[in-house]
Amino acid sequence: MSTELNLTLKVWRQAGPDAPGSFDTIKAEGINDEMSFLEMLDIVNERLISDGKEAIVFDHDCREGICGTCSLMINGQAHGPQKGTATCQLHMRKFHDGQEIVIEPWRATAFPIVKDLMVDRSAFDRIVEAGGFITAETGGANDANLIPIPKPVADSAMDAAACIGCGACVAACPNSAANLFTSAKVSHLNLLPQGQAERYSRVEAMVDTMEDFFGSCTNHGECQEACPKEISIDFIALMNKDYLASKFKNRRFLSRK
Amino acid sequence: MELNSKIPEGPIADKWTNYKFDRKLVNPANRRKYDIIVVGTGLAGGAAAATLGEQGYNVKAFTFHDSPRRAHSIAAQGGINAAKNYKGDGDSIYRLFYDTVKGGDFRAREANVYRLAEESVNIIDQATAQGVPFAREYGGLLDNRSFGGAQVSRTFYARGQTGQQLLLGVYQQLARQIGLGNVSLYNRTELIDVVVVDGEAAGIVVRDLLTGQVQSHSAHAVVLATGGYSNVFFLSTNAMNCNVTAAWRAHRRGAAFANPCYTQIHPTCIPQSDEFQSKLTLMSESLRNDGRIWAPKSPDDNRPADQIPEADRDYYLERRYPSFGNLAPRDVASRAALVEVSKGKGVGPLKNGVYLDFSDAINRLGEHTIEERYGNLFEMYERITDESPYKVPMRIYPAPHYTMGGLWVDYELMTTVPGLYATGEANFSDHGANRLGASALMQGLADGYFVLPNTISNYLAPKLGSTPIPTDHPEFQAAEAAAKSRFDGYLAIGGTRSPDAFHHELGKIMLEQCGMERTKEGLTQALADIPVLHEEFKKDLRVTGDGESTNQTLEKAGRIDDFFELAQAMCLDALTREESCGGHFRAEHQTDEGEAERDDEHFAHVAAWEWTGDAGKPNRHTEPLTFDNVHLAVRSYK
């Protein structure tokens, strides 16, 4: 059976990218613990509007934990206290009556604040544009069953491909590094036979672009703890191995084992 | 208004091939002389933008998301159909075509559906080449599962995240084109009007969601791939930001809107738990491969599921439809659940669900196999409900999910406005009155990768040497001014109720009167209530904040304003269609057994509505449907 919570929210409010920001203390009373965290914010926003105040801006969309639009540092944790869960799938039953909840945007220089809790994550798109694809233009594909892919390989590529691009890894990292995000895409494609032709040029271009925006990885492992899809930092090791190889492999002889 | 479907001559199996040969081409060196606008970057829009970019056109792609990777295609779980016949169980292009026409309750255009089935096999090849990690068997070949409305195994999948993986495939191809400079991306930018000059699409007016700035873009052709309108119901499985605005604004500028009453209520969603709920969560149809649906035989049975013995359970789908059983098509399964719940046999605290039970499958296959197949779905269910489907049956109930209706398009995917195209869920063309599971991904990608990039040259070729209409043309200026005053107007009302409050109320009317079961009386009532509520919206809306920075309340206001007008078209269409077919069930038209009763004599046609300036009085036009290959028959899944 559901119970009601009375909460105190401390929410980061910031009018625009260059405006100064500060915490707003907002009472959230009579919150049903069956609600999701974002439904709680919806209610808070409805109350703000009815008081004539501006609603809190936050990114969200599918509310099924798959689009990666939602973010939020909740009491200092990216996506809040539940492991393997994006903010939109977090429910209020994980909080207790009388609790103070601090809500902040992702904190990273590469993710400038747009307004309130919304940030700009387009640096991720730049990394993918640099090489996060297999060049396979529409029309010329072979029959899909022509290249058998061992199940463990396909599974492992899928584990990496599960990344939703939310940016929690960057927000959780003390260095604001994007190595988990980048390595997930590199590994998804570099593990597959279809991705071999561009394996070394891909990793080089993606890592170099990543370094234009983000800090360096020092193996803290905070990223995998925060990741709502629980992507493993093993992929960072795979990426580093390929990146290193990209620096000395003679690509003219790649087809020779 | 003339509805010329432009279906090519010849036998069904040759139409698409003949068309591709007969169409006009633009030679590769001339393609860079054309500008094309693509609105929406999901499967249909992203695939079209990427492919047109690859071909050499100048493409401008627009999305209201921060990145194309967020489009709602990403949420599709179960899979994508393709007539590969890798299982050797008798599948073929013709069978997929047949199943889809029948599944759509004989209200789709045969030629379009056949083309879809033909392209389905290319999609799997294309996606695999891009690195989409489809599920594989131990031998390394692709695995398949079964979906509703089919008796063969033709659904390809990537765990429970097929939509995500296909969308990321599209996104990566699009990102490559953006990196190469062939596609310019405008993110966090929302379409607010379509501009037509001399009867042809000239461009669009957009609003920058970060600055509120209104701007025009012109091109030789405009493609709308802006998804469906299930959010008119307020509660649906759609993402929060899905809306009808792009399609509706195109409609107001002359594009006919076809079959708005064909909406799909998906049978397996998590039941609503309370009033505050913001959206409903879908549980993939693939679960019906191994889950058995049942309700207690007696409405007074309040025992927990595991204490209800077999004898007191009613596996009603298996009982009513023995040959398809739990894999009956969506419309049939949804209505059957409605019947059980309205008899008072619903389960759960609000008695608003039925059971989807995996205990037999777990006993037969072991928990590990079930986890491998549906692990992430079970986790999602548990996160939301705090119950583990490994231990207690899931509770499910139908929820608005997909809209088969949409902008009317001809065989080339062109709307009634020349140069304006609609692809994916935004158009009406392939699913008739009911979409089969795992067919939305198929249609979005077929349109985006293979159909539109082949048909658009037929319109563009004669325009060689022309330049797009400049955006200082009076039509653009007038559209910009109207858009600005529309958004300033929402801010100026200064009433008492938020956009969400109105949306909630509109959704309630729609779900009650134009949901799973519709009646003449209810629809007439809705048609009286909606304009009244819309008038209140115009007088009593409250939008706080301003129009010069990100304002999600203001964004919502614009979208809901358009939902009000669409809602009237839906009810009017449902009222006029005096038959039951697919997702459109009129209580007056049913057999003694409660099955949908079609009226082929009077309604074997597409209803396309023309905007007249009055949302309550659009003009109805019809495109007759002929069935030369799949013979009209009572759809039976018994």
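Q: How do you know which features of the model can be described?
A: The model is predicted; local features need pLDDT of at least 70, side-chain atom pairs count only at pLDDT 80 or more, and totals for chains, interfaces and linings use all residues. Residues are numbered from 1 along each chain as its sequence is written, while chains are lettered from A and ligands numbered from 1 in the order in which they are written.

Q: What makes strand 1 of chain B largely enclosed by the rest of the structure?
A: A residue is buried if 20 or more other C-beta atoms lie within 10 Å of its own, exposed if 12 or fewer, and partly exposed in between, with C-beta atoms placed from the backbone. Four of the five residues of strand 1 (residues 35-39) of chain B are buried, so this strand is largely enclosed. Strands (E, at least two residues) and helices (H or I, at least four) are DSSP runs numbered from the N terminus.

Q: What joins strand 1 of chain B to strand 9 of chain B?
A: Four bridges do, and strand 9 (residues 221-224) of chain B runs parallel to strand 1 of chain B. Ile37(B) stands opposite Val222(B) in strand 9 of chain B.

Q: Why is the unit of strand 1, helix 2 and strand 2 of chain B called right-handed?
A: A crossover is right-handed if, with the strands pointing away from the viewer, the path from the first strand over the helix to the second runs clockwise. Strand 1, helix 2 and strand 2 of chain B make a β-α-β unit of this hand.

Q: What makes strand 5 and strand 17 of chain B edge strands?
A: The open sheet of five strands has the order 5-2-1-9-17 in chain B, with parallel pairing. Strand 5 (183-186) and strand 17 (420-422) of chain B each pair on one side only. Neighbouring strands of this sheet are turned by 20° against each other on average, direction ignored. Axes are lines fitted to C-alpha atoms, for helices over the stretch in contact, and angles run from 0 to 180 degrees between N-to-C directions. Helix 11 of chain B lies across strand 9 and strand 17 of chain B, at about 150° to strand 9 of chain B.

Q: Why is one side of strand 6 and of strand 8 of chain B left without a neighbour in the sheet?
A: Three strands form an open sheet in the order 6-7-8 in chain B, with antiparallel pairing. Strand 6 (189-197) and strand 8 (214-218) of chain B stand at the edges with a single partner strand each, so one side of each has no neighbour in the sheet. Neighbouring strands here are turned by 25° against each other on average, direction ignored. Strand 6 of chain B and strand 7 (residues 200-208) of chain B pair over eight bridges, and Val197(B) stands opposite Glu200(B). Helix 12 (residues 474-493) of chain B packs on the sheet, touching strand 6, strand 7 and strand 8 of chain B.

Q: What makes residues of chain B count as in contact with chain A?
A: Two residues are in contact if their C-beta atoms, placed from the backbone, lie within 7 Å. Here 63 residues of chain B are in contact with 67 residues of chain A. Helix 5 of chain B supplies the largest share of the chain B side, nine residues. That side has 20 nonpolar, 28 polar and 15 charged residues. Ala, Val, Leu, Ile, Met, Phe, Trp, Tyr, Cys and Pro count as nonpolar, Asp, Glu, Lys and Arg as charged, and the others, Gly among them, as polar.

Q: How do you know where the domains of chain A lie?
A: Domain bounds come from an automatic or database domain assignment. Chain A is divided into domain 1 (4-115) and domain 2 (121-253), and 30 Å separate their centres, taken over C-alpha atoms. In the contact, 17 residues of domain 1 of chain A meet 16 residues of domain 2 of chain A.

How values were computed: Pairing = 2+ DSSP bridges.
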